[in-house]
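Subject: Structure handover

Hello,

Here is the structure I promised to pass on. Please open it and keep it beside you while you read my notes.

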Amino acid sequence: MFVNSETYDINGHKLVLRNVFKDEAKEVLDVFKKISDETPFLMKGSDEIYFDEKGEELFLDTINCHQEALFLGAFYDDHYIGNVTLTSFDQYRFRHRMELGIALLQDYTHMGIGTLLMKKAIKHALELHKEQIELEVMSKNIHAINLYKKCGFIQTGIKVNNMKYKDNTYDDAIIMVKTLKEDL
């Protein structure tokens, strides 16, 4: 759990990275739905998001209580614009790994915010003495792939035709891993 709030200047605007709490569930859910409609690269569109504000509150409470998990929100001029998440595994054989997810409103991409979120997630994993972070990214999501490569992730596999869109086209999922052992 990330507990420090950090403030940055982004083009004369205030960016705050901090935990997100259950009383912010409606805003988080609304932004997630918007992001889901802005990009085809997430698992679902807003029409497939079936949980409500109470479900989001429960999720935020749960993730904030988990000692290893991270849900770090980005607030631009006090408006929630996205997040990075890290989740760990409970099974002993997988505890050295974490899974990463990132979502950011399109209006706030290409400003360095994604890089800041990634660096905070990597730092969190290092503080937990994890050995690797894993993620999946759609092969057509070139900007995200470039961000991950910049942060030290390498491609380790492909899931062919992983996603099928409503227009009957497909996209492969690229599996990427950042090994943290050398950073320990």
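Is Asn 11 buried or exposed? Asn 11 is exposed, with a relative accessible area of 61%. Buried means under 20% relative accessible area, exposed means over 50%, and partly exposed lies in between (1.4 Å probe, protein chains only).

Before the rest, some ground rules. This is a predicted model, where local features need pLDDT of at least 70, side-chain atom pairs count only at pLDDT 80 or more, and totals for chains, interfaces and linings use all residues. Residues are numbered from 1 along each chain as its sequence is written, and side-chain values use heavy atoms, with hydrogens and water left out.

Confidence

pLDDT is the predictor's confidence in each residue, from 0 to 100. The protein has a mean pLDDT of 91. In total, 97% of its residues reach 70 or more. Confidence is lowest in helix H2 (residues 53–65), with a mean of 76. Confidence is highest in E8, at 98.

Eight strands form an open sheet with mixed pairing. Their order is E1-E2-E3-E4-E5-E6-E8-E7. Strand E1 (6–10) and strand E7 (154–164) stand at the edges. Each has a single partner strand, so one side of each is left without a neighbour in the sheet. From one strand to the next, the twist averages 25°. Angles run from 0 to 180 degrees between N-to-C directions, and axes are lines fitted to C-alpha atoms, for helices over the stretch in contact.

A reminder on pairing: strands of a sheet pair through backbone hydrogen bonds, either parallel or antiparallel. Here, two strands count as paired if DSSP finds at least two bridges between them.

E1 and strand E2 (residues 13–19) run antiparallel, joined by five bridges. Ile 10 has His 13 in E2 as its bridge partner. Asp 9 is partnered by Lys 14 in E2. E1 and E2 form a hairpin, with two residues between them. Asn 11, from the opening question, sits in the turn of this hairpin. Its phi is near 55°, a positive value in a residue other than glycine.

Next, E2 pairs with E3, again in the antiparallel sense and over five bridges. There, Arg 18 has Gly 73 in E3 as its bridge partner. The loop between E3 and E4 holds Asp 78. Asp 78 is not a glycine, yet has a positive phi of about 70°. At 56% relative accessibility, Asp 78 counts as exposed.

Helices on the sheet

Helix H1 (residues 25–38) lies across strand E3 (70–76), strand E4 (79–88) and strand E5 (97–104). H1 runs at about 85° to E4. H3 packs on the sheet too, touching E1, E2, E3, E4, E5, strand E6 (132–138) and strand E8 (170–179). The direction of H3 makes about 160° with that of E5. Contact means heavy atoms within 4.5 Å.

The core

A nonpolar core is a set of buried Ala, Val, Leu, Ile, Met, Phe, Trp, Tyr and Cys residues joined through side-chain atoms within 4.5 Å. The largest one has 47 residues. Those with the most contacts inside it are Leu 15, Ile 81, Ile 113, Tyr 148 and Phe 153. Helix H3 (residues 113–127) gives the most to this core, with seven residues. Leaving aside neighbours within four places in sequence, Leu 15 is in contact with residues including Tyr 8, Phe 75, Ile 81, Ile 113 and Leu 116.

Helix H4

Which residues of helix H4 (residues 142–150) are buried? They are Ala 144, Ile 145, Leu 147 and Tyr 148. These cover an arc of only 160° around the axis, which puts them on the same side of H4. The arc is that of the directions from the helix axis to the C-beta atoms. On the other side of H4, His 143, Lys 149 and Lys 150 are exposed. Cover for the buried residues of H4 includes E5, H3, E6 and E8. Asn 146 also lies in H4. Asn 146 is partly exposed, at a relative accessible area of 43%. Gly 152 follows H4 and has a positive phi, near 95°.

Best wishes

Note on methods
Helix = DSSP H or I, 4+ residues; strand = E, 2+ residues; numbered from the N terminus.
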